[in-house]
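Hello,

Here is the structure for you to look through. My notes on it follow below.

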Amino acid sequence: VIPIYNAERYLKETLESVRKQNYEDFEVLLINDGSNDKSVDICLNFSNRDNRFHLYQKSNGGVCSARNYGIREAKGEYILFIDSDDVVEQTMLSNCLKKIQKSGADILIFGMSFDVEKNGRIIKSLIKSCETDLFTSEELEKYYRYLYDNNYITSMCNRIIRTSIIRNNDLRFNEKLTNYEDMAFSLECLRYAEKIQSIAECYYHYIIHDELGM
């Protein structure tokens, strides 16, 4: 699920990183959240070339609203959220699904790299990752500080979630929140998962653009 709002500057690179996955059996839900730039044209280009990409249009409601729209439309056994200006590693899906098939995890959390980009070039990177044993939601308190410090609870972009965890418990992003919405939803998902696995491998690149710094 990729929420999109006026993302034309970075969107093509994001979608290319998804399209080039070496695992092929997936769908991409492009949720256009009322963009007024050329984001829709970029989405149409991808959906016309690749039938795994599906464009949905809605009025602007914010990232939580767009993600909730994607949750309603998703058909896959697992769900993953990607921001429209970030990129993912080519082996993300294949490697993560192998881990899930072996462990039976309901949620698999992986590392993130925070990359500072300037003039089209990555000038600095900070990797946040950790690895724990397979654990249950009841054991979360034991790992909480470790996971929190390594950004394994605060973001929703570095995990694959069994869709039934969300659907069966009617979980949704809180559309009234503008801060910490990822953490709130993350904790709800962790609460209902029977098995949780975290791995150290980094598959997601959170791009900090231009002079914003780290």
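The axes of helix H5 (residues 140-149) and helix H7 (residues 181-192) come within 13 Å and cross at roughly 150°. Axes here are lines fitted to C-alpha atoms, for helices over the stretch in contact, with angles from 0 to 180 degrees between N-to-C directions; helices are DSSP runs (H or I, at least four residues) numbered from the N terminus. That angle makes H5 roughly antiparallel to H7 (over 145 degrees; under 35 counts as roughly parallel). Leu140, Tyr144 and Tyr148 of H5 touch Met183, Leu187 and Leu190 of H7, where contact means heavy atoms within 4.5 Å. By class, this contact has six nonpolar, no polar and no charged residues (Ala, Val, Leu, Ile, Met, Phe, Trp, Tyr, Cys and Pro count as nonpolar, Asp, Glu, Lys and Arg as charged, the others, Gly among them, as polar).

The model is predicted: local features need pLDDT of at least 70, side-chain atom pairs count only at pLDDT 80 or more, and totals for chains, interfaces and linings use all residues. Residues are numbered from 1 along each chain as its sequence is written, and side-chain values use heavy atoms, leaving out hydrogens and water.

Helix H1 (residues 11-19) and helix H2 (residues 39-49) have axes that come within 10 Å and cross at roughly 20°, so H1 is roughly parallel to H2. In H1, Leu11, Lys12, Leu15, Glu16 and Arg19 meet Ser39, Ile42, Cys43, Phe46 and Arg49 in H2. That contact has five nonpolar, one polar and four charged residues.

There are zero disulfides (pairs of cysteine sulfur atoms within 2.5 Å). For Cys43, the nearest cysteine sulfur, that of Cys157, is 16 Å away.

Regards

Technical notes:
Helix = DSSP H or I, 4+ residues; strand = E, 2+ residues; numbered from the N terminus. Parallel < 35°, antiparallel > 145°, perpendicular 65-115°, else oblique.
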